[in-house]
Amino acid sequence: MAYRFTARVACGLDDPDEDDCMMAGLAESDDEEAFSLLFMCDFDEPDAQEVSLGMDTHCLVTPDQGTAYGCVREVELSGDVLRVLLDPASLTALGLTDPVVEAVLRAPAADLARMRDVLPRILEYGRPAARPSLIRLSRSNGSAGDAGAFTT
(Lines give C-alpha, C1' and ligand atoms only; values in the text may rest on other atoms or scores of the structure.)
Protein backbone atom coordinates (compact mmCIF):
# COMPACT_ATOMS: atom_id res chain seq x y z
CA MET A 1 0.00 0.00 0.00
CA ALA A 2 1.42 3.41 -1.00
CA TYR A 3 2.56 5.92 1.60
CA ARG A 4 0.37 8.99 1.03
CA PHE A 5 0.82 12.45 2.53
CA THR A 6 -0.43 16.00 1.96
CA ALA A 7 2.33 18.34 0.83
CA ARG A 8 1.62 21.86 2.06
CA VAL A 9 5.20 23.00 1.40
CA ALA A 10 7.11 22.78 -1.89
CA CYS A 11 10.35 24.19 -3.20
CA GLY A 12 12.60 24.28 -6.23
CA LEU A 13 16.10 25.69 -5.73
CA ASP A 14 18.55 25.98 -8.60
CA ASP A 15 20.71 29.08 -8.16
CA PRO A 16 24.40 28.09 -7.95
CA ASP A 17 25.23 31.51 -6.45
CA GLU A 18 22.84 30.99 -3.53
CA ASP A 19 22.30 27.23 -3.14
CA ASP A 20 24.74 24.40 -2.28
CA CYS A 21 23.00 22.02 -4.67
CA MET A 22 19.96 21.82 -6.92
CA MET A 23 16.98 20.76 -4.80
CA ALA A 24 13.26 20.11 -5.26
CA GLY A 25 11.18 19.16 -2.27
CA LEU A 26 7.78 18.46 -0.81
CA ALA A 27 6.83 18.38 2.88
CA GLU A 28 3.76 18.08 5.06
CA SER A 29 4.76 21.31 6.83
CA ASP A 30 7.74 23.44 7.89
CA ASP A 31 8.05 21.34 11.05
CA GLU A 32 11.31 19.35 11.14
CA GLU A 33 9.33 16.28 12.24
CA ALA A 34 7.04 16.44 9.17
CA PHE A 35 7.30 13.87 6.38
CA SER A 36 9.26 15.17 3.42
CA LEU A 37 10.89 14.16 0.15
CA LEU A 38 13.97 16.14 -0.91
CA PHE A 39 15.39 15.41 -4.36
CA MET A 40 18.93 16.74 -4.89
CA CYS A 41 21.92 16.79 -7.22
CA ASP A 42 25.12 18.76 -7.66
CA PHE A 43 25.43 21.65 -10.07
CA ASP A 44 28.67 20.23 -11.48
CA GLU A 45 29.12 16.95 -13.31
CA PRO A 46 30.05 14.02 -11.05
CA ASP A 47 33.77 13.62 -10.32
CA ALA A 48 35.76 10.38 -10.23
CA GLN A 49 35.19 9.86 -6.49
CA GLU A 50 31.41 10.30 -6.80
CA VAL A 51 31.39 7.82 -9.69
CA SER A 52 33.40 5.25 -7.70
CA LEU A 53 31.03 5.61 -4.71
CA GLY A 54 27.85 5.37 -6.81
CA MET A 55 26.97 8.96 -5.91
CA ASP A 56 26.99 10.12 -9.54
CA THR A 57 23.23 10.53 -9.85
CA HIS A 58 20.24 12.15 -8.14
CA CYS A 59 19.79 11.75 -4.40
CA LEU A 60 16.60 11.40 -2.39
CA VAL A 61 16.48 12.33 1.30
CA THR A 62 13.59 11.44 3.61
CA PRO A 63 12.99 12.39 7.26
CA ASP A 64 15.72 11.39 9.70
CA GLN A 65 18.22 11.84 6.83
CA GLY A 66 17.35 8.57 5.08
CA THR A 67 19.36 8.86 1.84
CA ALA A 68 19.61 6.90 -1.40
CA TYR A 69 21.21 7.65 -4.76
CA GLY A 70 19.60 6.85 -8.11
CA CYS A 71 16.56 5.32 -6.40
CA VAL A 72 13.68 7.04 -8.24
CA ARG A 73 12.28 4.74 -10.94
CA GLU A 74 9.24 6.81 -11.96
CA VAL A 75 7.69 10.13 -11.04
CA GLU A 76 4.30 11.19 -12.37
CA LEU A 77 1.97 14.07 -11.63
CA SER A 78 -1.70 13.33 -12.21
CA GLY A 79 -4.08 16.08 -11.21
CA ASP A 80 -2.95 17.13 -7.74
CA VAL A 81 -1.11 13.90 -6.83
CA LEU A 82 2.60 13.36 -7.37
CA ARG A 83 3.35 9.63 -7.47
CA VAL A 84 6.95 8.49 -6.92
CA LEU A 85 8.00 4.88 -7.55
CA LEU A 86 11.25 3.93 -5.79
CA ASP A 87 13.70 1.08 -6.24
CA PRO A 88 12.69 -1.47 -3.57
CA ALA A 89 16.37 -1.99 -2.73
CA SER A 90 16.52 1.62 -1.44
CA LEU A 91 13.65 1.36 1.07
CA THR A 92 15.76 0.44 4.11
CA ALA A 93 18.19 3.31 3.49
CA LEU A 94 15.27 5.72 3.10
CA GLY A 95 13.43 4.43 6.17
CA LEU A 96 10.36 3.53 4.10
CA THR A 97 8.35 0.33 3.83
CA ASP A 98 6.63 0.78 0.45
CA PRO A 99 8.19 1.70 -2.90
CA VAL A 100 5.27 3.99 -3.81
CA VAL A 101 4.95 7.44 -2.26
CA GLU A 102 2.05 9.72 -3.20
CA ALA A 103 1.97 13.40 -2.32
CA VAL A 104 -1.35 15.26 -2.49
CA LEU A 105 -0.21 18.74 -3.54
CA ARG A 106 -1.62 21.58 -1.45
CA ALA A 107 1.37 23.94 -1.46
CA PRO A 108 1.16 27.44 -2.99
CA ALA A 109 0.94 27.34 -6.79
CA ALA A 110 4.14 29.34 -7.36
CA ASP A 111 6.12 26.96 -5.12
CA LEU A 112 4.71 23.92 -6.94
CA ALA A 113 5.62 25.48 -10.29
CA ARG A 114 9.24 25.89 -9.14
CA MET A 115 9.31 22.28 -7.91
CA ARG A 116 7.95 21.06 -11.27
CA ASP A 117 10.60 23.11 -13.09
CA VAL A 118 13.58 21.91 -11.05
CA LEU A 119 12.69 18.24 -10.36
CA PRO A 120 13.12 16.90 -13.92
CA ARG A 121 16.59 18.46 -14.14
CA ILE A 122 17.59 16.76 -10.89
CA LEU A 123 16.31 13.37 -12.03
CA GLU A 124 18.18 13.66 -15.36
CA TYR A 125 21.49 14.30 -13.57
CA GLY A 126 24.43 11.94 -13.78
CA ARG A 127 24.61 8.28 -14.75
CA PRO A 128 22.02 7.45 -17.44
CA ALA A 129 21.33 3.96 -16.04
CA ALA A 130 20.09 5.49 -12.77
CA ARG A 131 17.64 7.91 -14.36
CA PRO A 132 13.91 7.25 -13.94
CA SER A 133 12.20 5.45 -16.81
CA LEU A 134 9.25 7.86 -16.54
CA ILE A 135 9.18 11.54 -15.65
CA ARG A 136 5.81 13.15 -16.22
CA LEU A 137 5.18 16.45 -14.45
CA SER A 138 2.26 17.90 -16.39
CA ARG A 139 0.08 20.66 -14.98
CA SER A 140 -3.14 18.71 -15.39
CA ASN A 141 -3.97 15.07 -16.02
CA GLY A 142 -0.98 14.18 -18.19
CA SER A 143 -2.67 14.73 -21.54
CA ALA A 144 -0.44 15.06 -24.58
CA GLY A 145 0.95 18.52 -25.12
CA ASP A 146 1.13 19.56 -21.47
CA ALA A 147 4.28 21.48 -20.62
CA GLY A 148 6.67 19.44 -18.53
CA ALA A 149 5.32 16.04 -19.60
CA PHE A 150 7.92 13.67 -21.04
CA THR A 151 9.22 10.16 -20.66
CA THR A 152 12.77 8.93 -20.69
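How far is the sulfur of C59 from the closest cysteine sulfur? The distance is 7.6 Å, and the partner sits in C71, so the two are too far apart for a bond. Looked at from C71, the closest cysteine sulfur is the one in C59, again 7.6 Å away. A disulfide is a pair of cysteine sulfur atoms within 2.5 Å, and the structure holds zero of them.

Before going on, a word on what you're looking at: this is a predicted model, where local features need pLDDT of at least 70 and side-chain atom pairs count only at pLDDT 80 or more, while totals for chains, interfaces and linings use all residues. Residues are numbered from 1 along each chain as its sequence is written, and side-chain values use heavy atoms, with hydrogens and water left out.

Back to those cysteines. Buried means under 20% relative accessible area, exposed over 50%, and partly exposed in between, using a 1.4 Å probe and protein chains only. C59 is buried at 7%, and C71 is buried at 1%.

Now for the rings. Rings of Phe, Tyr and Trp (its six-membered ring) pair if their centres lie within 6.5 Å; planes under 30 degrees apart are stacked, over 60 edge-to-face, and the rest tilted. The whole structure has three such pairs. In one of them, F5 and F35 have ring centres 4.8 Å apart and planes at 65°, so this pair is edge-to-face. It joins distant parts of the chain, 30 residues apart: F5 is in strand β1 (residues 3–7), and F35 is in the loop between β3 (22–27) and β4 (36–41). Strands here are DSSP runs (E, at least two residues), numbered from the N terminus.

F5 is buried at 3%, and F35 is buried too, at 9%. Together with Y3, F5 and F35 make up one aromatic cluster.

Note on methods
Helices (H or I, at least four residues) and strands (E, at least two) are DSSP runs, numbered from the N terminus.
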